[in-house]
Amino acid sequence: MNFWNFVTQNRTEIAELTLEHLWIVGISTLLAIAIGIPLGILITRKPALQKPVIATANIIQTIPSLALFGFLLPAPWIGERAGRLAILALTLYALLPLIRNTYAGIKGVDTAVTEAARGMGLTDWQLLFQVELPLAASIILAGVRVSMVMSIGLATIAAAIGAGGLGELIFRGLAMVNNAVILAGAVPAALMALAADTILGWLEKRLSPQRAG
Amino acid sequence: MDGSQAGIEFRDVSYSLSNGRTVLHNLNLDVRGGEILVLLGRSGSGKTTALKLVNRLLEASAGEILIEGRPARDWDVIRLRRHIGYAIQEIGLFPHLTIGRNIGVVPSIENWPQERIQARVVELLNLVGLPDDIVSRYPHQLSGGQRQRVGVARALGADPPILLMDEPFGALDPLTRSDLQREFLSLQQKLRKTVVFVTHDLHEAMLLGTRIALLEEGRLVAINTPDEFLKSPEPLIAKYVQAFGSFESVRGAR
């Protein structure tokens, strides 16, 4: 069976798995943003926390993904559903680029700018939301982009624990020794990664503070 | 607001770093309302430190600073800073905001109505000699001299009675610097702010200062009017005067 035949015959299933994949990646990226950006901001304010937080995120990232899925399996509530487990694991992986880029982005703001802002009487929150975050936005977004592209690839492995997504086709193809089936999972995943990379890359450029005009 | 009441008093003020090094020793200094007090000194003399103690970017280790008769530490720090304009050599314009929004920052965080902010921005642009149409541009599109004018305009944003200036013209080429110094003098004649002006440049000190306070290694050496300064028997002052040469031309220009 060739690739195109397989794709046309199974397009509903492929579409469903693509949506499932997108859901896992989307939710985990949102969760990682909700956790990682505040953590990144926190460590710019509490320098003592910087090393332990970055180190922890670093260590998480070095755990092989299959092993991480395995570790999380016995967790209560999370372990009950493969989808939840996959989302948690992907969230943990996505944290490092977000924390690191948020930290680097804020630290990279010209000290003359932050000092002028403080000297003029901006409160800490005004400094953060009106000066630091807007100026760090493109670097933070670069972190989102790295996380998301990585998650799209990693999410294929989540199928190994039954979380669904495009990995399901890849594993099925591997078991059937059928390249067409593997490709039916791999190609949409690769396209998704490319699309995420392009869209977020475009946004990143738009948010860059040095834009002309 | 003529600022004539907006005095600043340093009373036995010391500042030490966390490593124990003392940057300022028992500074006693009186900045009178409406004058330009120049803090003159070489790098490391403590002049910038003294300046930052006023708007509490640094907190004094000992002693007390009175702002309009009230101890700085009794002021709400945000209120205090919005009451004091601040301009620095590096300017620190917000690169992501237009010139208009840069100048309007303090009025806007003070919740002025939009029309009033816009009117104020135009007024300030005229005051510092910039064209109105610059409002929608971004800082990186301006020349160094224009940027520093914007920096001064921004410091004047909400019409603070006190102005702190830390070598604001130090990074400019000599001609632009000279233009801005003269413009600033004539501006001050209109505005009568209480100004503390930090510089290491004796020419600038002589030109701008109502009085000059010379700092050396964290101590106040002397405080004089520019004319007294030239005649002072103080050996360090004599050294400065020697190093900078004749001042007749500078004084004549005022």
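Axes are lines fitted to C-alpha atoms, for helices over the stretch in contact, and angles between N-to-C directions run from 0 to 180 degrees. The model shown is predicted: local features need pLDDT of at least 70, side-chain atom pairs count only at pLDDT 80 or more, and totals for chains, interfaces and linings use all residues. Residues are numbered from 1 along each chain as its sequence is written, while chains are lettered from A and ligands numbered from 1 in the order in which they are written.

**View 1. Packing of helices α7 and α9 in chain A.** Helix α7 (residues 124–155) and helix α9 (residues 179–207) of chain A pack at an angle of about 180°, their axes lying 9 Å apart. α7(A) is therefore roughly antiparallel to α9(A), a term for angles over 145 degrees. Two residues are in contact if their C-beta atoms, placed from the backbone, lie within 7 Å. Residues that α7(A) gives to the contact include A:A137, A:L141, A:R145 and A:I152, and those from α9(A) include A:A189, A:D197, A:L200 and A:E204. By class, this contact has 14 nonpolar, three polar and three charged residues. Ala, Val, Leu, Ile, Met, Phe, Trp, Tyr, Cys and Pro count as nonpolar, Asp, Glu, Lys and Arg as charged, and the others, Gly among them, as polar.

**View 2. The fold of chain A.** Chain A comprises nine helices and zero strands; helices (H or I, at least four residues) and strands (E, at least two) are DSSP runs, numbered from the N terminus. Its C-alpha trace spans about 70 × 45 × 25 Å along the principal axes. Of its 213 residues, 40% count as buried, that is, with 20 or more other C-beta atoms within 10 Å of their own, C-beta atoms being placed from the backbone.

**View 3. Strand β9 of chain B and its partners.** Strands pair if DSSP finds at least two bridges between them. Strand β3 (residues 36–40) of chain B runs parallel to strand β9 (residues 211–216) of chain B, joined by four bridges, with B:L40 partnered by B:L214. Five bridges join β9(B) to strand β10 (residues 219–224) of chain B, and these two run antiparallel; here B:A213 has B:I223 as its bridge partner. The hairpin of β9(B) and β10(B) has two residues between the strands, and B:E217 in this hairpin takes a positive phi near 50°.

**View 4. The side of chain B that touches chain A.** Contacts link 17 residues of chain B with 17 residues of chain A. Elements giving two or more residues to this side of chain B are α2 (77–82), β6 (84–88) and α4 (105–109). By class, this side has 10 nonpolar, four polar and three charged residues.

Note on methods:
A residue is buried if 20 or more other C-beta atoms lie within 10 Å of its own, exposed if 12 or fewer, and partly exposed in between; C-beta atoms are placed from the backbone. Angles under 35 degrees count as roughly parallel, over 145 as roughly antiparallel, 65 to 115 as roughly perpendicular and the rest as oblique.
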